[in-house]
Amino acid sequence: MARGTDSPERIGLIAGNGTLPLLVAETLQLHGKNPFVVGIEGEADPKLRAFDFTSVYTGHVGRVVSALKAAKVTDVVMVGGVRSRPKYHRIIPDWTTLKFAARLLPRLGAGDDALLRGVISTIEDVGIRVRGVHEVVPDLLAPAGHLAGPKPDQATIQSLDTAMRGALALGKLDAGQAAVAIRKRLIALEGAEGTDLMLERVVNLRQIERLPDNRGGALVKIAKPGQDLRADLPTIGPETIIKASNAKLKAVAVHAGHALVAEIEHTKTLAREHKISLIGLDPQRLLSGAD
């Protein structure tokens with residue numbers, strides 16, 4: 001279904017967990033737009049109910065599409081994490097979603113990217129354009145270079161390089177976006193639990209003295225190779241810095257131009273306070289040649 005060229009733009013927001021969906025909604029409202037928010041049940045921040053809002057279960061894609069069409073949404077953004085994957089038994093009774101089941105059900109056992117691509121194509125099939133959050137709120141994109149905190153020393157640069165290589169290898173498997181390393185040793189890879197819980201694992205490893213140094217190491221979080229940037233962009237924020245500090249890391253690096261930084265000024269302030277190097281990196285460049 002083609003969208004009329006004279007139709008006024010209305011942006012929909014499919015909101016998962018975290019602070020980013022609220023920040024995006026507030027930014028859109030500040031720029032004179034009235035976002036329609038579809039909050040994922042059990043994930044979305046209750047504060048999002050202050051906007052034009054409806055709630056759906058994560059697997060009920062048909063209900064998401066119906067809600068977006070009823071609200072006359074022309075463009076939609078998917079933002080925020082989703083902790084749990086949809087359950088088959090909760091999808092089957094949703095008769096609207098059954099129309100899309102042939103496309104989506106085989107993807108439930110695949111990686112996140114495969115599932116998200118199915119959701120995106122389902123939404124676009126009804127004439128609603130799926131856009132990346134960086135397209136509608138470009139100020140959230142991570143810039144390149146040294147952003148805050150101390151400049152990394154050689155040991156930290158080595159840790160960043162190792163973590164970057166680990167994150168790239170992990171991304172090729174569509175298994176995660178982040179890795180932690182100390183010098184040449186990978187010590188944690190992001191799984192289904194997400195970045196925050198991965199960093200808590202690093203805290204536990206230090207407590208049981210399983211790591212080579214009491215302090216040091218780096219977190220790198222990057223987009224997966226070939227990732228559709230309209231959904232599930234790597235995201236960090238103030239909480240990432242706090243958890244990295246708890247894990248006694250010396251650096252946090254994020255994919256410049258392909259990742260989001262929530263509350264960037266607050267995130268930079270925390271990086272300085274906790275003496276953590278905050279870096280926007282390009283995985284295609286050698287870290288030793290970066291700023």
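**Close-up 1. Strands S7 and S8 pair side by side.** Strand S7 (residues 178-182) and strand S8 (residues 185-189) run antiparallel and are joined by four bridges. Two strands count as paired here if DSSP finds at least two bridges between them. Strands (E, at least two residues) and helices (H or I, at least four) are DSSP runs, numbered from the N terminus. Across the pair, Val-180 stands opposite Ala-188 in S8. S7 and S8 form a hairpin with two residues between them, and Arg-183 in the turn has a positive phi of about 55°.

A word on how to read these views: this is a predicted model, in which local features need pLDDT of at least 70 and side-chain atom pairs count only at pLDDT 80 or more, while totals for chains, interfaces and linings use all residues. Residues are numbered from 1 along each chain as its sequence is written, and side-chain values use heavy atoms, with hydrogens and water left out.

Close-up 2. Welcome to a chain whose secondary structure comes to eleven helices and 13 strands. Of its 291 residues, 52% are buried; buried means under 20% relative accessible area, exposed over 50%, and partly exposed in between (1.4 Å probe, protein chains only). Take the contacts (heavy atoms within 4.5 Å) between residues at least 6 apart in sequence: 72% of them join residues at least 24 apart.

**Close-up 3. Lys-224 meets Asp-174.** The structure holds 13 salt bridges, each a side-chain nitrogen of Lys or Arg within 4 Å of a carboxyl oxygen of Asp or Glu. One of them joins Lys-224 to Asp-174, with the closest N and O atoms 2.7 Å apart. Lys-224 sits in the loop between strand S9 (218-221) and strand S10 (235-236), and Asp-174 in the loop between helix H8 (154-172) and S7, so this pair ties together parts that are 50 residues apart in sequence. Both Lys-224 and Asp-174 are buried.

**Close-up 4. Here are two further salt bridges and a network.** Arg-201 forms a salt bridge with Glu-193, where the closest N and O atoms are 2.6 Å apart. Arg-201 is partly exposed, at 34% relative accessibility, and Glu-193 is partly exposed at 30%. Lys-268 forms a salt bridge with Glu-265, and here the closest N and O atoms are 3.9 Å apart. Because Lys-268 and Glu-265 are three residues apart in helix H11 (residues 264-273), about one helical turn separates them. Lys-268 counts as buried at 17% relative accessibility, whereas Glu-265, at 49%, counts as partly exposed. Look also for Glu-9, Lys-33, Asp-75, Arg-129 and Arg-131, which are linked in a network of salt bridges.

**Close-up 5. Glu-43 reaches Asn-17.** Glu-43 belongs to the loop between strand S2 (36-40) and strand S3 (52-56). With 9% relative accessibility, Glu-43 counts as buried. Its side chain makes a polar contact with the side chain of Asn-17 at 2.6 Å. A polar contact is a pair of N or O atoms within 3.5 Å; within protein, one must be able to donate a hydrogen and the other to accept it, and residues adjacent in sequence count only if both atoms are side-chain atoms.

**Close-up 6. Thr-19 has partners from elsewhere in the sequence.** Thr-19 lies in the loop between strand S1 (11-15) and helix H1 (20-30), and its 47% relative accessibility makes it partly exposed. Leaving aside residues up to four places away in sequence, Thr-19 touches Ala-262 and Glu-263. Thr-19 and Pro-238 are 219 residues apart in sequence, yet their C-alpha atoms are 10.0 Å apart in space.
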